[in-house]
Amino acid sequence: MAVSKNTAATTFVSFFAKLRDCVNPDDISALLLARNVITNNEKAEVDLQTYTQQVRMDKLLAAVQKAIKIDSQNYETFLDILGNEGKYAALVKEMRSTQGFINLFADNKIEDADIQSIAENLSDWQAVANKLGFGPVLIDEIEGSSNRGINQAKAFLRKWIAKNGSGATYKKLHDVLLLELKDRGAAEAILGIAKKGYGTVQQ
């Protein structure tokens, strides 16, 4: 599946910006290379002492971000390596939290390729639509123009995305399901879809 989550790069850099001031790239770059998260060329660039530590950390984070976009499992590898350094334990705990996960993977516009999977997890799409501002008339229109079940849920999602653009995010859908409709199972499924989509290579 192709990925065009352009805002994901911004989200990643924003979320990890605090690492620039407190993580020494020399503590983790060799381990990241050994675990195949970064390449030899990327490590050589990071190791250039002519750069300031913050610039070197920026280069390292950019390389890690690239690796995560290829395979989301590299995120866990990055946290494992960072966690091996005890002084970074608090940062790792934060990044492993649910909110950290949402910040990284879910605060992006829903991709067309994910609509089918999401629709399969919206057993009561009408309730979701209502919470997202769809009135009875529009809901009736969707019900009348599509077959029952998943096709209606897909039609709703497409209308919502068309209306809200970049505001139609996995996080927004997750929050409605979890906080307003109390459907934890569906909410967690949405996060899983978001993570799976982020961890594929853009074609």
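In the predicted model, Q152 is located in helix α12, which spans residues 150-164. This residue is buried, its relative accessible area being 5%. With residues up to four places away in sequence left out, Q152 touches W125, Q126, I142, E143, S146 and N147.

Across the whole structure, 2 aromatic pairs were found. W125 and F156 are stacked, with 5.9 Å from centre to centre and 25° between the planes. This pair links distant parts of the chain, as W125 belongs to helix α10 (residues 125-131) and F156 to helix α12, 31 residues apart. F156 is buried, with a relative accessible area of 0%. The rings of F134 and F156 have centres 5.2 Å apart and planes at 80°, and the pair is therefore edge-to-face. Because F134 lies in the loop between α10 and α11 (136-145) while F156 is in helix α12, this pair ties together parts 22 residues apart in sequence. W125 is buried at 3% relative accessibility, and F134 is likewise buried at 3%. W125, F134 and F156 form one aromatic cluster.

Elsewhere, K59 lies over the face of Y51, at 4.8 Å from the ring centre.

In helix α13 (residues 170-180), the buried residues are Y170, L173, H174, V176 and L177. These residues lie on the same side of α13 because they cover an arc of only 160° around the axis. K182, which follows α13, has a positive phi near 60°.

Terms used. Residues are numbered from 1 along each chain as its sequence is written. This is a predicted model: local features need pLDDT of at least 70, side-chain atom pairs count only at pLDDT 80 or more; totals for chains, interfaces and linings use all residues. Side-chain values use heavy atoms; hydrogens and water are left out. Buried means under 20% relative accessible area, exposed over 50%, partly exposed in between (1.4 Å probe, protein chains only). Helices (H or I, at least four residues) and strands (E, at least two) are DSSP runs, numbered from the N terminus. The arc is that of the directions from the helix axis to the C-beta atoms. Contact means heavy atoms within 4.5 Å. Rings of Phe, Tyr and Trp (its six-membered ring) pair if their centres lie within 6.5 Å; planes under 30 degrees apart count as stacked, over 60 as edge-to-face and the rest as tilted. A charge sits over a ring if NZ of Lys or CZ of Arg is within 6 Å of the ring centre and within 35 degrees of the ring normal.
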